Amino acid sequence: MNDPDLSSAAGVSPGKWLDENCKDGDCTETQVRMERIYEYADGALSREDIGEVEAHLQACPECAKDYDLECIIRTVVRRSCAERAPETLKVTILERISQIRVEAGHGQDEEYR
(Lines give C-alpha, C1' and ligand atoms only; values in the text may rest on other atoms or scores of the structure.)
Protein backbone atom coordinates (compact mmCIF):
# COMPACT_ATOMS: atom_id res chain seq x y z
CA MET A 1 0.00 0.00 0.00
CA ASN A 2 1.78 3.14 -1.20
CA ASP A 3 -0.72 5.91 -0.51
CA PRO A 4 0.45 7.69 2.66
CA ASP A 5 -3.12 8.71 3.49
CA LEU A 6 -4.12 5.06 3.67
CA SER A 7 -0.98 3.54 5.20
CA SER A 8 -1.76 2.38 8.70
CA ALA A 9 -4.32 5.20 8.91
CA ALA A 10 -1.93 7.42 10.89
CA GLY A 11 -1.11 4.73 13.41
CA VAL A 12 -4.65 3.42 13.84
CA SER A 13 -4.81 -0.35 13.64
CA PRO A 14 -6.65 -1.90 10.65
CA GLY A 15 -9.54 -3.20 12.75
CA LYS A 16 -10.12 0.16 14.42
CA TRP A 17 -9.77 1.94 11.09
CA LEU A 18 -12.45 -0.31 9.63
CA ASP A 19 -14.73 0.26 12.61
CA GLU A 20 -14.34 4.05 12.32
CA ASN A 21 -15.36 3.91 8.65
CA CYS A 22 -18.16 1.37 8.99
CA LYS A 23 -21.08 2.72 10.93
CA ASP A 24 -24.07 0.45 11.43
CA GLY A 25 -22.99 -1.85 8.61
CA ASP A 26 -22.54 1.08 6.19
CA CYS A 27 -18.88 1.16 5.14
CA THR A 28 -18.13 4.39 3.32
CA GLU A 29 -14.37 4.22 2.76
CA THR A 30 -14.39 1.49 0.10
CA GLN A 31 -10.73 1.78 -0.91
CA VAL A 32 -9.52 1.75 2.67
CA ARG A 33 -11.68 -1.17 3.72
CA MET A 34 -10.68 -3.20 0.66
CA GLU A 35 -6.99 -2.54 1.39
CA ARG A 36 -7.54 -3.89 4.92
CA ILE A 37 -9.40 -6.91 3.59
CA TYR A 38 -6.53 -7.58 1.14
CA GLU A 39 -3.97 -7.31 3.96
CA TYR A 40 -6.04 -9.71 6.05
CA ALA A 41 -6.43 -12.19 3.18
CA ASP A 42 -2.70 -11.93 2.42
CA GLY A 43 -1.79 -12.70 6.04
CA ALA A 44 0.02 -9.36 6.29
CA LEU A 45 -1.34 -8.29 9.68
CA SER A 46 -0.17 -8.73 13.25
CA ARG A 47 -2.05 -11.13 15.52
CA GLU A 48 -3.75 -8.22 17.25
CA ASP A 49 -4.82 -6.70 13.95
CA ILE A 50 -6.06 -10.08 12.71
CA GLY A 51 -8.29 -10.36 15.79
CA GLU A 52 -9.67 -6.87 15.26
CA VAL A 53 -10.38 -7.46 11.56
CA GLU A 54 -12.03 -10.81 12.33
CA ALA A 55 -14.23 -9.13 14.93
CA HIS A 56 -15.12 -6.44 12.43
CA LEU A 57 -15.98 -9.01 9.76
CA GLN A 58 -18.31 -10.68 12.26
CA ALA A 59 -20.08 -7.38 12.94
CA CYS A 60 -20.17 -5.85 9.44
CA PRO A 61 -22.11 -7.78 6.78
CA GLU A 62 -20.86 -5.51 3.98
CA CYS A 63 -17.19 -6.13 4.77
CA ALA A 64 -17.85 -9.84 5.35
CA LYS A 65 -19.48 -10.04 1.91
CA ASP A 66 -16.49 -8.29 0.31
CA TYR A 67 -14.08 -10.62 2.12
CA ASP A 68 -16.03 -13.70 0.97
CA LEU A 69 -15.97 -12.41 -2.62
CA GLU A 70 -12.22 -11.80 -2.40
CA CYS A 71 -11.72 -15.38 -1.18
CA ILE A 72 -13.77 -16.73 -4.10
CA ILE A 73 -11.80 -14.63 -6.60
CA ARG A 74 -8.47 -15.81 -5.17
CA THR A 75 -9.61 -19.45 -5.31
CA VAL A 76 -10.68 -19.15 -8.95
CA VAL A 77 -7.46 -17.38 -9.95
CA ARG A 78 -5.35 -19.96 -8.12
CA ARG A 79 -7.23 -22.79 -9.83
CA SER A 80 -6.99 -21.11 -13.25
CA CYS A 81 -3.25 -20.66 -12.94
CA ALA A 82 -2.81 -24.37 -12.25
CA GLU A 83 -4.79 -25.56 -15.27
CA ARG A 84 -3.08 -26.20 -18.60
CA ALA A 85 -4.65 -25.54 -21.95
CA PRO A 86 -5.28 -28.67 -24.03
CA GLU A 87 -2.52 -29.50 -26.52
CA THR A 88 -5.09 -29.39 -29.34
CA LEU A 89 -5.74 -25.73 -28.52
CA LYS A 90 -2.03 -24.92 -28.89
CA VAL A 91 -1.93 -26.69 -32.27
CA THR A 92 -5.06 -24.89 -33.45
CA ILE A 93 -3.69 -21.49 -32.44
CA LEU A 94 -0.32 -22.11 -34.12
CA GLU A 95 -2.05 -23.29 -37.31
CA ARG A 96 -4.22 -20.17 -37.33
CA ILE A 97 -1.18 -17.91 -36.83
CA SER A 98 0.53 -19.60 -39.77
CA GLN A 99 -2.61 -19.22 -41.88
CA ILE A 100 -2.86 -15.49 -41.06
CA ARG A 101 0.83 -14.97 -41.87
CA VAL A 102 0.41 -16.70 -45.26
CA GLU A 103 -2.71 -14.63 -46.03
CA ALA A 104 -0.80 -11.46 -45.10
CA GLY A 105 2.01 -12.44 -47.49
CA HIS A 106 4.62 -13.20 -44.86
CA GLY A 107 4.90 -16.91 -45.52
CA GLN A 108 5.39 -19.49 -42.84
CA ASP A 109 7.80 -18.73 -40.07
CA GLU A 110 9.88 -21.57 -38.65
CA GLU A 111 9.25 -20.17 -35.18
CA TYR A 112 5.56 -21.09 -35.34
CA ARG A 113 5.87 -24.66 -36.61
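Modeller: We shall go through the overall fold, then a pair of helices, then the salt bridges.

Modeller: This is a predicted model, in which local features need pLDDT of at least 70 and side-chain atom pairs count only at pLDDT 80 or more, while totals for chains, interfaces and linings use all residues. Residues are numbered from 1 along each chain as its sequence is written, and side-chain values use heavy atoms, with hydrogens and water left out.

Colleague: How many helices and strands are there in the protein chain, and what pattern does the chain follow along the sequence?

Modeller: Helices (H or I, at least four residues) and strands (E, at least two) are DSSP runs, numbered from the N terminus. Here the protein chain has five helices and two strands, and their pattern along the sequence is α-β-β-α-α-α-α.

Colleague: What share of the residues in the protein chain is buried?

Modeller: A residue is buried under 20% relative accessible area, exposed over 50% and partly exposed in between, using a 1.4 Å probe and protein chains only. In this chain of 113 residues, buried residues make up 25%.

Colleague: At what angle do the axes of helix α3 and helix α4 cross?

Modeller: Axes are lines fitted to C-alpha atoms, for helices over the stretch in contact, and angles run from 0 to 180 degrees between N-to-C directions. The axes of α3 (residues 47-59) and α4 (residues 61-82) cross at roughly 110° and come within 6 Å. Angles under 35 degrees count as roughly parallel, over 145 as roughly antiparallel, 65 to 115 as roughly perpendicular and the rest as oblique, and α3 and α4 are therefore roughly perpendicular to each other. Contact means heavy atoms within 4.5 Å; α3 contributes His 56, Leu 57 and Ala 59, and α4 contributes Pro 61, Cys 63, Ala 64 and Tyr 67.

Colleague: How many salt bridges does the count come to?

Modeller: A salt bridge is a side-chain nitrogen of Lys or Arg within 4 Å of a carboxyl oxygen of Asp or Glu, and by this rule the count comes to three. In one of them, Glu 39 pairs with Arg 36, with the closest N and O atoms 3.1 Å apart. These two residues are three residues apart in helix α2 (residues 30-42), separated by about one helical turn. Glu 39 is buried, with a relative accessible area of 18%, and Arg 36 also counts as buried, at 2% relative accessibility.

Colleague: Which residues do the salt bridges that share partners join into one network?

Modeller: Consider Glu 70, which forms a salt bridge with Arg 74 at 2.6 Å between the closest N and O atoms; both lie in helix α4, four residues apart, or about one helical turn. Salt bridges that share partners join Asp 42, Glu 70 and Arg 74 into one network. Asp 42 forms its salt bridge with Arg 74, the closest N and O atoms being 2.6 Å apart. Because Asp 42 lies in helix α2 and Arg 74 in helix α4, this pair ties together parts that are 32 residues apart in sequence. Glu 70 counts as buried at 13% relative accessibility, whereas Arg 74 is partly exposed at 23%.
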